[in-house]
Amino acid sequence: MDAINGTSAKTATLSIGDKSWDLPILNGTIGPQVVDIGKLYGQTGMFTYDPGFTSTASCESQITYIDGDEGVLLYRGYPIEQLAEDGDFLETCYLLLYGELPTAAQKADFDYRVTRHTMVHEQMSRFFHGFRRDAHPMAVLVASVGALSAFYHDSTDIADPQQRMIASVRMIAKIPTLAAMAYKYHIGQPFVYPKNDLDYASNFLRMCFSVPCEEYKVNPVLSRAIDRIFTLHADHEQNASTSTVRLAGSSGANPFACIAAGIACLWGPAHGGANEAALKMLGEIGSVERIPEFIKRAKDKNDPFRLMGFGHRVYKNYDPRAKIMQKTCHEVLGELGIKDDPLLDIAVELERIALQDEYFVERKLYPNIDFYSGITLRALGFPTSMFTVLFALARTVGWIGQWKEMIEDPGQRIGRPRQLYTGAQRRDYVPIARRK
Ligand code: CMC
């Protein structure tokens, strides 16, 4: 990170009236240069204004890089395609947390540590029984992950590096267990304990789909598919939920509370909730013949309808994750012998029509990761209400990696954005009897 820490010879000049200020320009290792406005208020008395953070780098990070114009996604420099094809999810977790790919011994040790933390405190199951059966599994996940801080007091001291790492491993290990419990509770089946001789993805599938009266046989093709889906979702730099985790963590809140905040943010349909919304939309479209009607609605500014699973704040090209997801979708359907999936037919045709439509071409709106993930997850046996839960499970490592990076930065301060105030000016209180 020498480059970003060293100010380049260039500066940007800001002129207001007859005064001007030189602002340092910082270089990353790749990606756009950044104008450092950290001293702007002190020097000029002015703030910058960027709602939605479209032009603002909120932090320095060494974890994930996205080139939205080229459709590139790198974790610690490694392309997502290579990690999804040749690596496995726990290897990706190690890479995101420690910065380098593990050696065989490091990988075995990490797998062992994660596997040994998969059980949750037995009292957690009683906590679950307080929820209504029809509670959305995301509501249950937000609450149960937040509740981990009430159960694991010995890993909430953020100043202790060992406690930070234990909390990190605990969440990577326990969130699949909590996610599966949320699912089982939702469908009225008994909770299934983790089985430590299975790999991460197979263990999760078993906790979701096995029942006490029948032994569950893990299908390696499906387990590999879910592992790849986890890798695809593992991190995505400073998106809304990750920024939420960083902001929550910047106040010194414990890691379990911060990740619960990230899960809450992910739930929204513009973010992680889009996979659920995309599948619902395909069902609502119902047949290939009705696609033009929905394309017309998506383009109509007076209609709030949007093509779910389409468009991205950063990608102005095909989302590289969507390509791998599309391939995984075909593999899963093939393995399950699903020759005709009407929703897949609608998705393929919808994509074809949209990618030729001037509206979508002009705005560079391409399918994102959520477009094909719903069809894949549904084929794997998950109800739509679980889709965002799976996203949260996989993104946990990214949130943790970003949170750790922030806490371990010696210059870390509380995140405190400012505002452009447009409310009332100072005025005096009027007693209620005198108000009109
Ligand atoms: N359908 C129709 N029009 C769209 C869509 C869409 N899905 N997405 C963007 N647009 C239009 C939008 O109306 C605007 O048009 P105009 O310039 O005429 O006003 C233009 O494209 C730019 O859109 P924006 O809302 O300013 O873009 P944004 O960067 O603020 O929003 C987004 C990005 C992902 C929220 C948005 O594309 C969207 O709502 N997509 C559907 C939801 C979705 O699939 N979300 C998942 C994102 S990927 C996974 C994740 O991050 O969790």
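**Terms and values**

Q: Why are H10 and H19 called roughly perpendicular to each other?
A: The axes of helix H10 (residues 220-233) and helix H19 (residues 387-407) cross at roughly 65°. Angles of 65 to 115 degrees count as roughly perpendicular, under 35 as roughly parallel, over 145 as roughly antiparallel and the rest as oblique, and H10 and H19 are therefore roughly perpendicular. Axes here are lines fitted to C-alpha atoms, for helices over the stretch in contact, with angles from 0 to 180 degrees between N-to-C directions. Helices (H or I, at least four residues) and strands (E, at least two) are DSSP runs numbered from the N terminus.

This is a predicted model, in which local features need pLDDT of at least 70 and side-chain atom pairs count only at pLDDT 80 or more, while totals for chains, interfaces and linings use all residues. Residues are numbered from 1 along each chain as its sequence is written, and side-chain values use heavy atoms, without hydrogens and water.

Q: Which residues make the contact of H10 with H19?
A: H10 contributes Ile226, Phe230 and His233, and H19 contributes Leu390, Phe391, Leu393, Ala394 and Arg395; contact means heavy atoms within 4.5 Å. These residues divide into six nonpolar, one polar and one charged (nonpolar: Ala, Val, Leu, Ile, Met, Phe, Trp, Tyr, Cys and Pro; charged: Asp, Glu, Lys and Arg; polar: the others, Gly among them).

Q: What is buried in helix H11 (residues 240-250)?
A: Ser241, Thr242, Val245, Arg246, Gly249 and Ser250 are buried, meaning under 20% relative accessible area, with over 50% exposed and partly exposed in between (1.4 Å probe, protein chains only). The buried residues of H11 pack against helix H12 (255-266) and H19. After H11 comes Gly252, with a positive phi near 95°.

Q: Why is one side of strand E4 (64-67) and of strand E6 (78-79) left without a neighbour in the sheet?
A: The open sheet has three strands in the order E4-E5-E6, with antiparallel pairing. E4 and E6 stand at the edges with a single partner strand each, so one side of each has no neighbour in the sheet.

Q: How many bridges pair E4 with strand E5 (residues 72-75)?
A: Four bridges, in the antiparallel sense; two strands pair if DSSP finds at least two bridges between them. Thr64 stands opposite Tyr75, and Asp67 opposite Val72. In the hairpin of E4 and E5, with four residues between the strands, Gly71 takes a positive phi near 70°.
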